Amino acid sequence: YIFLLVVVVLYASWPLFQPRFIPTHDGEYHIIRYSEFYGELAAGHWFPRWAPHLNSGYGLPLFIFHYPFPNYVGAFFRAIGASFVDSVKLTLAVGYISATALCFVWLRRRFSWFASAVGAVVFAMVPYWFVDIYVRGSVGEVLAIAFLMFSFVALEYNKRHLLALSLAGIVVSHNISAMMFFAMLLVYAFFRK
């Protein structure tokens with residue numbers, strides 16, 4: 001069952017490990033944001049607020065308003081040698097693979113190996129994933145969904161410190177998703193606990 005899940009996830013995310021750029025709605029903007037963010041980190045600004053090369057060279061206070069966690073993930077990949085294009089793709093891949101693995105862990109708490117694997121495969125093949133990854137290129141939303149699955153795991157295993165960490169992860173990954181996910185998690189926690 002685990003092998004089936006791994007095959008499905010690798011098949012679905014295989015284009016993210018290819019050398020070519022995948023044009024998406026937000027992909028080009030994330031490459032630019034990663035470049036600006038990484039430059040600010042390299043200059044010693046651990047919490048960047050300003051994107052100095054945007055707005056025709058006048059700068060832009062982009063990082064005051066933009067969710068930061070995907071930029072840190074992209075900066076990590078850049079620091080270990082990936083290009084900015086590959087950093088965006090690797091961030092999407094890490095979010096997708098992590099979300100699917102965490103979905104399996106969450107389901108495994110309540111169901112059999114077979115049911116958990118089938119549920120995780122269904123979760124991994126929901127068409128919205130492929131719109132989010134290959135059409136929209138929304139790195140923040142993909143990471144927020146991974147943190148949502150982490151929240152479900154923390155609730156099921158009654159790990160409050162991990163729940164706090166996962167909720168914070170949703171907020172810093174994609175703040176608009178946090179508004180939707182928190183209500184869902186509250187209802188889930190109410191009925192499960």
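This is a predicted model: local features need pLDDT of at least 70, side-chain atom pairs count only at pLDDT 80 or more; totals for chains, interfaces and linings use all residues.
User: How many residues of H8 are buried?

Analyst: Helix H8 covers residues 139-156, which gives it 18 residues. From first C-alpha to last it reaches 26 Å, close to the 26 Å expected at 1.5 Å a residue. H8 is mostly covered, and its buried residues number 18 of 18.

User: What percentage of the residues in the protein chain is buried?

Analyst: Here a residue counts as buried when its relative accessible area is under 20%. Across the 193 residues of the protein chain, the buried share is 45%.

User: Are H2 and H4 roughly parallel or roughly perpendicular to each other?

Analyst: Helix H2 spans residues 27-42 and helix H4 spans residues 69-79, and their axes lie 9 Å apart. They pack at an angle of about 75 degrees. Angles of 65 to 115 degrees count as roughly perpendicular, so H2 and H4 are roughly perpendicular.

User: How many residues of the contact of H2 with H4 are nonpolar?

Analyst: On the H2 side, the contact includes Tyr 34, Phe 37 and Leu 41, and on the H4 side it includes Pro 70, Tyr 72 and Ala 75. Two residues of this contact are polar and two are charged. The nonpolar ones number eight.

User: What is the radius of gyration of the protein chain?

Analyst: The chain has ten helices and zero strands. For 193 residues the globule rule gives 16 Å, and the chain comes close to that, so it is as compact as a globular protein of that length. Its radius of gyration is 17 Å.

Note on methods. Residues are numbered from 1 along each chain as its sequence is written. Side-chain values use heavy atoms; hydrogens and water are left out. Axes are lines fitted to C-alpha atoms, for helices over the stretch in contact, and angles run from 0 to 180 degrees between N-to-C directions. Helices (H or I, at least four residues) and strands (E, at least two) are DSSP runs, numbered from the N terminus. Angles under 35 degrees count as roughly parallel, over 145 as roughly antiparallel, 65 to 115 as roughly perpendicular and the rest as oblique. Contact means heavy atoms within 4.5 Å. Ala, Val, Leu, Ile, Met, Phe, Trp, Tyr, Cys and Pro count as nonpolar, Asp, Glu, Lys and Arg as charged, and the others, Gly among them, as polar. The expected span of a helix is 1.5 Å times one less than its number of residues. Buried means under 20% relative accessible area, exposed over 50%, partly exposed in between (1.4 Å probe, protein chains only). The radius of gyration is taken over C-alpha atoms; the globule rule is 2.2 Å times the number of residues to the power 0.38.
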